[in-house]
Amino acid sequence: MVMELKLLGAGRGRLGSLAGLGRSGATALALPGCLLYTRTGSAPHLTHDTLRDVRGVPGVAQLPLPAMAEIHDVLEEYKEGAAKFIGMPDTVLYCSLHDPASPCPSGYNTNKAVSLWGSSGRMELTASKFMDIQRAIQPDWFQCISDGDTVSGEAGRKRAKKSVDRSLSFLDECLQLQEKSPELRGSVMFGAIEGGDILEERLRSARETAKRPVGGFLLDGFQGCAMAKETKLKLISSVTAELPEDKPRYQDDFGPVLEGCSCYCCQRHTRAYVNHLLVTNELLAGVLLMMHNFQHYFGFFSAIRDALRDNKLDELKKLVFRQAQQM
Ligand SMILES: [Zn+2]
């Protein structure tokens with residue numbers, strides 16, 4: 001993995017690309033960028049063929065762990081890893097701990113295990129069980145197991161400290177297990193930065209995680225609206241200042257629905273028609289909306305990169321805020 005970055009100065013961000021990704025080393029990801037959201041390797045509602053009609057699909061797909069953990073036995077027996085199993089041998093796979101599109105109830109993590117929520121309910125994963133599953137998936141990148149149960153905004157200092165301590169201890173155990181796993185020699189582990197909304201715990205988490213041999217970082221616990229926007233921005237900028245510049249960072253966010261674009265759906269169908277499909281529970285509604293949403297989301301990241309390149313990020317920001325107010 002080669003990361004080429006152009007640093008645009010204080011507050012102006014990082015523009016660049018991650019190249020040499022995947023088993024063939026032929027995939028690149030433009031930065032800032034997003035990942036393709038999937039469930040068990042499929043974009044929701046879309047076939048592999050339909051996905052080809054969406055412009056700007058990123059070369060890296062997110063594979064949430066809960067659905068993969070449920071087919072662990074099958075994957076283990078298959079032995080050749082998830083990419084080939086799900087029919088995406090050329091896509092770079094990032095295995096995230098949770099599914100950002102599914103709720104994750106609070107109060108189920110312990111010092112020994114983290115709870116995942118799949119279609120058949122709760123699964124408890126210890127570090128060693130987690131690494132067994134990663135050995136079967138053989139992802140290109142994966143998020144280390146961590147205790148991120150501080151999203152509610154009422155977690156407090158003690159709970160924030162515990163989330164950092166537990167996550168570091170899971171990380172150390174997983175790094176040791178990775179050393180002993182030939183199946184995971186080509187996989188890169190991301191360490192999660194935890195600590196809720198307590199700045200000193202966030203900083204401790206960032207510093208301690210950066211000392212370990214991880215391939216990148218996940219800024220966990222910033223999804224959703226539980227945390228005030230100002231707190232969120234302050235924590236993210238303080239935490240990123242502690243992280244080395246030459247490793248990728250990832251933040252979970254599935255993104256909103258936007259309107260008006262050049263996608264397959266908008267080019268061919270009216271709003272009234274899509275609304276009709278929704279009301280009558282036609283499966284096509286999901287397909288069309290997913291194509292629209294994906295293209296918008298991927299296009300949004302492309303616009304951010306263009307704005308960074310042309311030093312017009314402030315103008316883009318103003319435009320986006322103006323549009324958001326009109327909605
Ligand atoms: Zn559209």
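**Entry 1: strand 6 and its partners**

I began with strand 6 and strand 9, which pair in the parallel sense over 2 bridges. The model is a predicted one, and I read every entry below with that in mind. For a residue pair in this pairing, I noted Tyr-94 standing opposite Trp-141 in strand 9.

Next I looked at how strand 6 pairs with strand 5 (residues 60-64): they too run in the parallel sense, over 5 bridges. Here Val-60 has Val-92 of strand 6 as its bridge partner.

Then I asked myself how many residues of strand 6 are buried. For residues 92-96, the count is 5 of 5. In a regular strand the side chains alternate between the two faces of the sheet. I could follow that here: Val-92, Tyr-94 and Ser-96 point one way, Leu-93 and Cys-95 point the other way, and all are buried.

**Entry 2: on to strand 10**

Strand 9 (residues 141-143) is joined to strand 10 by 3 bridges, and the two run parallel. In that pairing I found Trp-141 opposite Val-188 of strand 10.

Strand 10 covers residues 188-193, and I counted 5 of its 6 residues as buried. I then looked for what follows in the parallel sense and found strand 11 (residues 216-219), joined to strand 10 by 4 bridges. Gly-216 in strand 11 is the bridge partner of Phe-190.

What lies between these two strands in the β-α-β unit, and what is its hand? I found helix 7 (residues 199-211) between strand 10 and strand 11, and the unit is right-handed.

**Entry 3: Ser-167**

I stopped at Ser-167, which sits in helix 6 (residues 156-179). Is Ser-167 buried or exposed? Its relative accessible area is 5%, so it counts as buried. Setting aside neighbours within four places in sequence, I listed its contacts as Ile-145, Ser-146, Asp-147 and Glu-194.

**Entry 4: the annotated site**

I checked the UniProt record, an unreviewed entry, and its "binding site" annotation covers Cys-261, Cys-263, Cys-266 and His-292. Cys-263 is in the loop between strand 12 (249-250) and helix 9 (264-268).

Why does Cys-263 count as buried? Because its relative accessibility is 1%, under the 20% cut-off. Leaving out neighbours within four places in sequence, I found Cys-263 in contact with Met-291, His-292 and Gln-295. One of these, His-292, is itself among the residues the record annotates.

**Entry 5: helix 11 against helix 12**

Two packed helices are described by the angle between their axes and the distance between the axes. For helix 11 (residues 283-309) and helix 12 (residues 313-326), I have about 145° and 8 Å. On the helix 11 side, the residues that meet helix 12 are Phe-300, Ala-303, Ile-304, Ala-307 and Leu-308. Helix 12 answers with Leu-313, Leu-316 and Val-320. Sorting this contact by class, I got 8 nonpolar residues, no polar ones and no charged ones.

**Entry 6: Asn-281**

Asn-281 is in the loop between helix 10 (271-279) and helix 11. With a relative accessible area of 67%, Asn-281 is exposed.

Most residues other than glycine have a negative phi, and most peptide bonds are trans.

- Which way does the peptide bond from Leu-31 to Pro-32 go, cis or trans? It is cis, with omega near -5°. Pro-32 is in the loop between strand 3 (27-31) and strand 4 (36-37).
- Thr-40 is not a glycine, yet its phi is positive, near 45°. Thr-40 is in the loop between strand 4 and helix 1 (48-51), and at a relative accessible area of 32% it is partly exposed.
- His-45 also has a positive phi without being a glycine, of about 70°. I found His-45 in the loop between strand 4 and helix 1, where its 54% relative accessibility makes it exposed.

Conventions. Residues numbered from 1 in each chain as written. Predicted model: local features only at pLDDT ≥ 70, side-chain atom pairs only at ≥ 80, totals over all residues. Heavy atoms only, no water. Buried < 20%, exposed > 50% of the residue type's maximum accessible area, 1.4 Å probe, protein only. Pairing = 2+ DSSP bridges. Right-handed = clockwise from strand over helix to strand, strands pointing away. UniProt positions renumbered as here; feature names shortened; annotations may be inferred. Contact = heavy atoms within 4.5 Å. Axes fitted to C-alpha atoms, helices over the stretch in contact; angles between N-to-C directions. Nonpolar A, V, L, I, M, F, W, Y, C, P; charged D, E, K, R; others polar.
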